[in-house]
Amino acid sequence: MDTALGTLWVAVTRAGGAVGFAPDAPEADIRAAAVQAVEDVRAERQQLIVIGADHTLAGTVFLRTGVGVQAHRADVLRLMVRPDLQGRGWGRTLLDAAVAHATALGLEQLMLSTRGGTDVAGFYLRRGFTEVGVWPETLRLGPDDLRDEHWFQLRLR
Ligand SMILES: CC(C)(COP(=O)(O)OP(=O)(O)OC[C@H]1O[C@@H](n2cnc3c(N)ncnc32)[C@H](O)[C@@H]1OP(=O)(O)O)[C@@H](O)C(=O)NCCC(=O)NCCS
């Protein structure tokens, strides 16, 4: 699973997807993060919803439920669809599945962040998320490329 996730994550990153790495990030770093993410799922620190196509991994979304004072919420992480399969409704399906799963778990809120300079915010706004704040210049994509991090919240009840 970690190899398939790494392959998907590298392809999405190289295509400019905003999932934790700059487009030219070393492949080994992305694959190491994929190994860590799969370990987190195996250890039940995160939950993973996938979409497959032709027996390969085509899309993912992860949920990370909080602990302590954050136990009523989860972070939505690594929502990504293979670049050649984007625009077919699969991202929407993955996000809807994450919302349904979080609701079934009894969670009250979902949180996620997006990278400034992309147009993905509209995708979340149309799914009912509210933009609740901005962390200025907290993402560095390159020596002269600092981006804001935009935070979104969805109340489930
Ligand atoms: C964002 C992403 C997951 C959406 O998945 P997708 O399968 O391409 O999107 P869908 O076909 O389900 O489109 C769903 C809706 O979002 C819109 N949309 C999709 N990608 C969008 C984008 N980059 N910017 C703005 N709107 C977008 C579609 O027009 C559609 O509109 P609707 O809400 O009116 O129905 C996908 O484009 C992706 O993997 N991007 C790269 C990784 C990334 O940046 N992830 C976001 C991390 S915060």
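**Close-up views of a predicted model**

View 1. Leaving aside residues up to four places away in sequence, Arg147 touches Arg115, Gly116, Gly117, Glu137, Thr138, Leu139 and Leu141, where contact means heavy atoms within 4.5 Å. Arg147 and Gly59 are 88 residues apart in sequence, and their C-alpha atoms are 25 Å apart in space. The model is predicted, and local features therefore need pLDDT of at least 70 while side-chain atom pairs count only at pLDDT 80 or more, although totals for chains, interfaces and linings use all residues. Residues are numbered from 1 along each chain as its sequence is written, and side-chain values use heavy atoms, with hydrogens and water left out.

**View 2. Two residues other than glycine with positive phi, Glu137 and Arg78.** Most residues other than glycine have a negative phi. Glu137, one of the residues touched by Arg147, is found in strand β5 and has a positive phi of about 50° although it is not a glycine. Glu137 counts as exposed because its relative accessibility is 52%, the classes being buried for under 20% relative accessible area, exposed for over 50% and partly exposed in between, with a 1.4 Å probe and protein chains only. Arg78, in strand β3, has a positive phi near 50°, and at 18% relative accessibility Arg78 counts as buried.

**View 3. The largest pocket and its lining.** Rolling a probe the size of a water molecule over the atoms shows where empty space is left. The largest pocket has a volume of about 1,200 Å³ and is lined by 42 residues, of which Ala18, Val19, Leu79, Val120 and Tyr124 lie nearest its centre. Two or more residues of this lining come from each of α1 (2-14), β3 (73-81), α3 (90-104), β4 (109-115), α4 (121-125), β5 (130-142) and β6 (145-155), and β3 gives the most, with seven residues. By class, the lining has 23 nonpolar, 10 polar and nine charged residues, where Ala, Val, Leu, Ile, Met, Phe, Trp, Tyr, Cys and Pro count as nonpolar, Asp, Glu, Lys and Arg as charged, and the others, Gly among them, as polar. On a 1 Å grid over the protein atoms alone, a pocket is an open set of points with protein on both sides within 12 Å along at least five of seven lines, and lining residues have an atom within 4 Å of a point. Grid points are joined across faces, edges and corners, and the volume is the space filled by probe spheres set on the points.

View 4. With 16 residues, α2 reaches 23 Å from its first C-alpha to its last, close to the 22 Å expected at 1.5 Å a residue, the expected span being 1.5 Å times one less than the number of residues. The buried residues of α2 are Ile30, Ala33, Ala34, Ala37, Val38 and Asp40. Just after the helix, Glu44 takes a positive phi of about 65°.

**View 5. Asp40 and Val41 within helix α2.** Asp40 is buried, with a relative accessible area of 11%, and touches Arg45 and Gln46, not counting residues up to four places away in sequence. Val41 is partly exposed, with a relative accessible area of 23%, and under the same exclusion touches Gln46, Leu48 and Phe62. The C-alpha atoms of Val41 and Leu63, 22 residues apart along the chain, are separated by 9.4 Å.

**View 6. Helix α3 and what covers it.** The 15 residues of α3 should span 21 Å at 1.5 Å a residue, and its end C-alpha atoms are 21 Å apart, which agrees. In α3, Gly91, Leu94, Leu95, Ala98 and Ala102 are buried. They cover an arc of only 95° around the axis, which puts them on the same side of α3. Their cover includes β1 (47-53), β2, β3, β4 and α4, and α3 is followed by Gly106, whose phi is positive, near 85°.

Note on methods
Helices (H or I, at least four residues) and strands (E, at least two) are DSSP runs, numbered from the N terminus. On a 1 Å grid over the protein atoms alone, a cavity is a set of points where a 1.4 Å probe fits but cannot get out, and a pocket is an open set with protein on both sides within 12 Å along at least five of seven lines; lining residues have an atom within 4 Å of a point. The arc is that of the directions from the helix axis to the C-beta atoms.
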